[in-house]
Amino acid sequence: MNFAAKMKKMWRSQPLLSVGLALVLLILVQTVVMTIEFTLSFAPEFVFDVKLKNFDSFGAWGQKLITNWRNILLNNSYVGMIALAMTFVIISGGIDLSVGSMLVAVGAMVMVLINTKEAGILTSLGITGIPAVVIGVALGLLLGYLLGNLNGIIISKGRVPPFIVTLGTMMMFRSVTQYFMQTRKGAALPTAFKNISKLQIGGNMVLPIIYWLLLAVILYVVARHTVFGRHVYAVGSNERTAKLSGINVDRVKRRVYALTGVIVAFAAMVQVARIGSMDYASAGSGYEMDAIASVIIGGTAMSGGSGSVFGTLLGTLTLAVMNNLLTLMGVDPFLREAFKGAIVVAAVLLQRKEKQA
Amino acid sequence: MLKMLGIHKAFDETKVLQDVDFCVNPGEIHALIGENGAGKSTLMNILGGVLLCDSGKILLNGKDVRFLRPKDAMDAGIAFIHQELNLINDLTVYENIFIGRELKNRAGFVDKKEMIRRSAALLERMGVSLDPNTMVKTLDASYKQIVEIARALMMEAKLIIMDEPTTSLTDVEIKVVFSLMRTLKKQGVSIIFISHKLGEILEICDAYTVLRDGRVVRSASVENATADELAYHMVGHPVRTEQLQTGKKHGKEILRGEKLCGRGFENVDFVLHSGEIVGFTGLLGDGRSELFSAVFGAEKLQGGKLYLEGIPVRIDSPIAAKKLGIGYVPRNRKENGILKDMSILDNGTLVTLEKYSKGVISSRLQRGEFDTMGKRLRIKMSSAAHKITSLSGGNQQKVVLSKWLAAKPKVLIFDNPTQGVDVGAKEDIYDIIVSLAKEGVGVVILSSESQEMMRLCDRAHVMYHGKCAGVMQRGEMSEYEIMLLATGGREVKA
């Protein structure tokens, strides 16, 4: 077999190859664009000047590159985590549109709980400092679990399509949150809570990135090497076969949405801890679409049954790097969404399998 | 009429067809037989324009033709009726017959009246009483087959390819389809008939061609041929047809049903002892599948009592059935049996995953058990990590079976265990069923093949319209008796 045929076969059999290549390409272009920009800003009159070889400016260039990467990863860590959870949902044959609203609901509740001003519920009960943060985080995760479980129960017991259920809860979660938060604007968060994201390691704020990558590793193992993970694939591949094999299909589905709820809750707290506030009308909106886009670019089929956590990680990175590249190149923000959309469609086109005999 | 000469086809490096010659005469019913993976489907897909051949010629009425798309083949008068029927369930019979070729009236709207009229006329000419306005989803499998044939005739097909048309049909329904095939033959239509059922080939076909490992091993007239001979050519060695005895005294009672009622069946009694093979047969829609779906908890049992080892039990879900030690290998493997996206290993260990896991699944335990199972069942595969869809039908069925064997059930229910399975794999599956019974498992077999009942079962229940029409012991069974009971030809015993 010649080289071209071998490449073609690999391309077909490894759905992630195309995404991986696209990502590498994007990163290369991005680095080049950054370097040009950097050189221009440093010595506008001598674009191709030897000054780059100067150690100082080289160090500055490296520093800028690292900062840029840190920002990319930081800004995408929340969506990245949600996309990891969404991978499970989509592999199971479902969809969860409510993640963005859920993020707001959890974020709001946690802030109301741990606000250090008098309005803070825990503060008014006399609980402050570390205990307040621990309780706040625990209740936040619990709320995520409950909201996710609510989706899961309606979907599995009520036999309502996930799209409809989560479309409904998407509206409900945000609307109810906004209603309750009308009079509770402006919260001061304890440092201990902020440190969830802001604690510096080696002089850099990298914790959200570490959470994201750690979660990716954990969920990778869960998907591939646990009974729950394999059952998720089984349910998504053929629900009837799964049922006839004695798998508790309803329980698997419920757990998938509950897991998503918990991860969304975690992402919400990481985001609130970093930013220190939350706009209840707009925070998290569009996250569901970005998460779904990441999952799809990562080679997971909307029909369920196949896909991977690692692919989703690549998917999120691809979107992130592209967005960054467009910003660097000065593309109008209104146009960036179009590129995002194009890349989703292109990814699916590239990964589509050869017509089966 | 049709000549395919020197056809070669390879997928990557696997040669699927090598120098195949295949000829069909006008008004001939020509059987194309061979084990799964012998290349039958590939050959027919080439003829139907689904695949392109690497080299070779297709001559239709002496003219050299080349089909690049299914539509080219259709335009040339070749209709392909796939094993999985290509009907749209939510449309009516006439809409399906005319799909893609709808008639329009002068205003440009679809001409319903004319389509209904022509469909009715065609169905009448075919000798079928079927209202063209019926929704397809309400039809039985045999009538769906008939609608497919009607569609082929409506586009004036001269050659119809029928891929295993009878696997989901009952004996009576098969007769309906056969008489239609004979009518078509008289009108000069040629039919290529793909089937694993050798008896049917002898009954209906004029000529046969046997493929083995991508080559034609024999092509001859059906006259004077015997089933043994056909089977011999297919597998390349003689095939057993003798009865399979468990040769062991049956143990204690394991499963007993009393006056079981549910959707599609009523007042059925049965007893199953350890080491016993009990069969349920009848026509399609006789209620046996519904009955055992309900016993397994996949459907609702509306009345009656179930006893497991003498103790009354309630089984309201497959989860409960699994816990009690009841296993179920369902019919329609594609819809109910396999997970098409997953590996052979995942499929073969699906039921017992918990067993290998302490938080994280030990792939050593999982692989170990599956390898043992794979050897016992003689599953032919290059690697358990490949997708299950890379296997032939027979091997897929063995994988489905292995997931339940791993659970070591007390009772194992098989619904149509040899559906779409070739002769060799069929014998392997029979061997496994007999060896399970020898180990003391109580086996229930649901099948509409009387041969299967007679060869395997210690006792056979014949169902008719949801009721048990009669019970026969081994030795009392004959195809005639079974048919008589299954068609309601004998009064239901009180």
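How many residues lie between strand 9 of chain B and strand 10 of chain B in their hairpin?

## The hairpin

This is a predicted model. Two residues separate strand 9 of chain B from strand 10 of chain B in the hairpin. One residue in the turn, B:D213, has a positive phi of about 50°.

Strand 10 of chain B covers residues 215–221. The pairing of strand 9 with strand 10 of chain B is antiparallel and runs over six bridges. B:T209 has B:S219 as its bridge partner. B:L211 stands opposite B:V216.

## The other side of strand 9

Strand 3 of chain B (residues 29–33) also pairs with strand 9 of chain B. Here the two strands run parallel, joined by four bridges. B:A207 of strand 9 stands opposite B:H30.

Strand 9 of chain B spans residues 207–212. Is it largely enclosed, or largely open? Five of its six residues are buried, so strand 9 of chain B is largely enclosed by the rest of the structure.

## The sheet

These strands belong to an open sheet of six strands in chain B. The order is 6-7-8-3-9-10, and the pairing is mixed. Strand 6 (78–81) and strand 10 of chain B are the edges, each pairing on one side only. On average, neighbouring strands are turned by 15° against each other, direction ignored.

## The packed helix

Helix 8 of chain B (residues 227–235) packs on this sheet. The helix touches strand 3, strand 9 and strand 10 of chain B. Its direction makes about 30° with that of strand 9 of chain B.

Technical notes
Residues numbered from 1 in each chain as written. Chains lettered and ligands numbered in written order. Predicted model: local features only at pLDDT ≥ 70, side-chain atom pairs only at ≥ 80, totals over all residues. Heavy atoms only, no water. Buried < 20%, exposed > 50% of the residue type's maximum accessible area, 1.4 Å probe, protein only. Pairing = 2+ DSSP bridges. Axes fitted to C-alpha atoms, helices over the stretch in contact; angles between N-to-C directions. Contact = heavy atoms within 4.5 Å.
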